Each structure stands twice: as C-alpha cells, then as structure tokens.
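User: Hi! Could you walk me through this model?
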Amino acid sequence: MRKPVIVGNWKMNLGPKEAKNLLTEVKALDLDNSVEYGFCVPSIDLLVAKEVLEGTNINYGAENMYFEESGAFTGEISPAMLTEVKATYVIIGHSERRQYFKEDNELINKKVISALEHGLTPILCVGETLEEREANKEEEVVKEEVVKGFEGIKEADKVIIAYEPIWAIGTGKTASAEDADSMCAYIRKLIEELYGKESAEKIRIQYGGSMKPSNVKELLAKENIDGGLIGGASLKASDFEQLVNFKK
Ligand code: PGA
C-alpha cells in the first residue's frame, strides 16, 4: 500500500512573516496521519519552517536547488544547505523552472541524483503543455522527462513523481480524474519497464494542477494517483486541511 502524499508548493508567495502565520495555523489542525504531508516553501522561509515544524508530522522542503555541494553559483541553494535545515523534500523540474528558467532534462537529472545522494526526497515534476496534448504527444513528452530524469538512478522509489499537465496549473482547469489516472498509470508502466514491478508498485505518483478541496476525493480515489502537489490551495490552512483529510 502506498501512503498518500500531499505537498503544498507555495511558489513565490508568502514571506517569512506570512509563512510563520500559516504554518502555525496548520500546526494546530487535526490532520490525518495515515497521509504524509508537508510544504515546499521559498528558501527564505525554510528556517521559519524548521522553527515552527521541526518535531511535528508536517514535513517541509524547498522548491528548487542546485546540484553542487557549494561554490561560486550566485543565487543558488545547495542540497547540503537543505539537509542542514532538516528539509525532507525538494521539488525538481517544476514546469515553471523548465519554462521560465530554461531548465532541461539533463540539469534536472543532475539535481535528482544530487538530492538523493543527500538523503532528500526529490519530487520530480513532469507534464505536457496544451499544444502537446492537442497534438497527442503527452506520452512522448512525459516519457522523455521520466527516462531522462531517472538516468543513472538506482532506487527509483525514493523519488516522488508529480504528474502536472501544464495547462492545468494555476488555471482552475483540472485534468479529469480519468485522464490524470491514465497518465499516472502510463508513468508507472514506464517505471516498471525501467526498474521492474516492485519499484513500480512502490513509487508514489502525485497529480498536480488545480487540485482543491472540491476535486481531491475524486482524484485520489483513482488507483494510480497517490497524492497531490498543490499550489494555490496550499496557501490557506482550511483548504490544506481538507486536502490532507480527504479520507474523512
Ligand atoms: P496549482 O499549482 O495547484 O496552483 O495549479 C500546482 C503546481 O504548480 O504545483
């Protein structure tokens, strides 16, 4: 049985003061501990997250990192810095990183390898654009992102994959539960081809793209969807509570 995993992605929202308020609010909630949950936050909020959440069941992590240990990489944060603040997750290859910051599969692969080497859980994002879907290329695109993203990685199931169709991110449009499930099933099949059945059964695949309290139950009822990577709805404690408590 795969443990569902619900992770907020704040993106470039909430400075330290607002972060502290929201995390303190979330900490007081009665959240279902048969679900794994947490927040990926702007790096400037990581120390606040540590201060508020260390020792609780609420995990936290970063939205990006560089793959090198340290050095002359102005503006970047390293995996060693993330382990120092006891981060659990790091989002790698979010479509916004791919699109606006020109991250390619090769760089993303290096980051996934580096995160694993440091004991972090990478959340590797994959997904197609609207044009690619309309041209029936979603499987081709996602296959390339998965195959290249996992190159050289031995233990696939230490990675969480987030399937995020780009046209559903922040747009209010959700993929239908059937379409999301069939893409997550396709990704699981790719992992089976690369790593065998056991890894494919263990690896957790999230759906991301306008997941919210009103659609979480339907999406997570699907066989191949093991959780969510949540942008907008992770910015409000009451929404996050309903997402984590989707079984109730
Ligand atoms: P959204 O973002 O929930 O606001 O659509 C999801 C994501 O980009 O991870």
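Predicted model: local features only at pLDDT ≥ 70, side-chain atom pairs only at ≥ 80, totals over all residues.

User: Is Glu36 buried or exposed?
Analyst: Glu36 counts as buried because its relative accessibility is 18%, and buried means under 20% relative accessible area with a 1.4 Å probe, protein chains only.

User: Which side chains make polar contacts with Glu36?
Analyst: The side chain of Tyr89 does, at 2.7 Å, and so does that of Arg204, at 2.9 Å. A polar contact is a pair of N or O atoms within 3.5 Å; within protein, one must be able to donate a hydrogen and the other to accept it, and residues adjacent in sequence count only if both atoms are side-chain atoms.

User: OK, new topic: which residues touch the most other members of the largest nonpolar core?
Analyst: Ile6, Phe150 and Tyr207 do, in a core of 66 residues. Helix α8 (residues 177-195) gives the most to this core, with eight residues. Another core lies apart from it, with ten residues, including Cys40 and Ile123. A nonpolar core is a set of buried Ala, Val, Leu, Ile, Met, Phe, Trp, Tyr and Cys residues joined through side-chain atoms within 4.5 Å. Helices here are DSSP runs (H or I, at least four residues), numbered from the N terminus.

Terms used: Residues numbered from 1 in each chain as written. Heavy atoms only, no water. Buried < 20%, exposed > 50% of the residue type's maximum accessible area, 1.4 Å probe, protein only. Helix = DSSP H or I, 4+ residues; strand = E, 2+ residues; numbered from the N terminus.
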